[in-house]
Amino acid sequence: MVDTDELGDWHVTIDAATALSIVEAAHSAWNAGDIEGTLDRYVDDLVFITNTGPDGGQMIIRGKSNLREYIKVIMQVVEAKNFIESLHFDGEVARIRFNTYVRHRTTGHEMTGTYRELCTFRGSEISQIEDFHDAPRMAAFWRLIGMAETEAVR
């Protein structure tokens, strides 16, 4: 749907079914290892926030090009699959719960679980993503990977 604001500027608004379709398309591309297909659903000045940065704390990535580089590194190290369990949309923000599967490519170690995500939309594209993972579980997984890689070197 297209409407105008008080200044007469045009804006695209979406409904819950469209939000779900956009998120499904982005994650289907992710599951297929298609970085560009994933990024096609995002605005160029996207903001990505996660509670599981490299130091164990919050990490913020600004811009599609920076997110592209981050995703390339992730996809080299792990295979990750995400599946929507639920999505609630309020007209601008989708609150999503995902089931997830992660397999470390070198060691074969696997992790399954759930995480939550807030997706803010600008028109028919995602403008901000906030991921909320089980940070202690993720940290334990990466410690296990580190121990396995250290053991393999011996």
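How many aromatic pairs does a search of the whole structure find? The search returns four aromatic pairs, and the structure is a predicted model. The legends below describe two of these pairs and the nonpolar core.

**View A. Phe-89 and Phe-121 form an edge-to-face aromatic pair.** The ring centres of Phe-89 and Phe-121 are separated by 5.6 Å, with 90 degrees between the planes. Because Phe-89 belongs to strand β5 (residues 78-89) and Phe-121 to strand β7 (residues 110-122), the pair ties together parts that lie 32 residues apart in sequence. Phe-89 has a relative accessibility of 18% and therefore counts as buried, the cut-off being under 20%. Phe-121 is also buried, at a relative accessible area of 8%.

**View B. The rings of Phe-141 and Trp-142 make an edge-to-face pair.** Their centres lie 5.3 Å apart and their planes stand at 75 degrees, the cut-off for edge-to-face being over 60 degrees. Phe-141 is buried, with 5% relative accessible area, whereas Trp-142 is partly exposed, with 37%.

**View C. The largest nonpolar core comprises 34 residues.** The members that touch the most other members are Val-23, Tyr-42, Leu-67, Cys-119, Phe-121 and Ile-126. Helix α1 (residues 16-31) gives the most to this core, contributing five residues.

**View D. Val-23 is shown with the residues that it touches.** With residues up to four places away in sequence left out, Val-23 is in contact with Ile-84, Leu-87, Ile-96, Phe-98, Cys-119, Phe-121 and Ile-126.

Technical notes:
Residues are numbered from 1 along each chain as its sequence is written. This is a predicted model: local features need pLDDT of at least 70, side-chain atom pairs count only at pLDDT 80 or more; totals for chains, interfaces and linings use all residues. Side-chain values use heavy atoms; hydrogens and water are left out. A nonpolar core is a set of buried Ala, Val, Leu, Ile, Met, Phe, Trp, Tyr and Cys residues joined through side-chain atoms within 4.5 Å. Buried means under 20% relative accessible area, exposed over 50%, partly exposed in between (1.4 Å probe, protein chains only). Helices (H or I, at least four residues) and strands (E, at least two) are DSSP runs, numbered from the N terminus. Contact means heavy atoms within 4.5 Å. Rings of Phe, Tyr and Trp (its six-membered ring) pair if their centres lie within 6.5 Å; planes under 30 degrees apart count as stacked, over 60 as edge-to-face and the rest as tilted.
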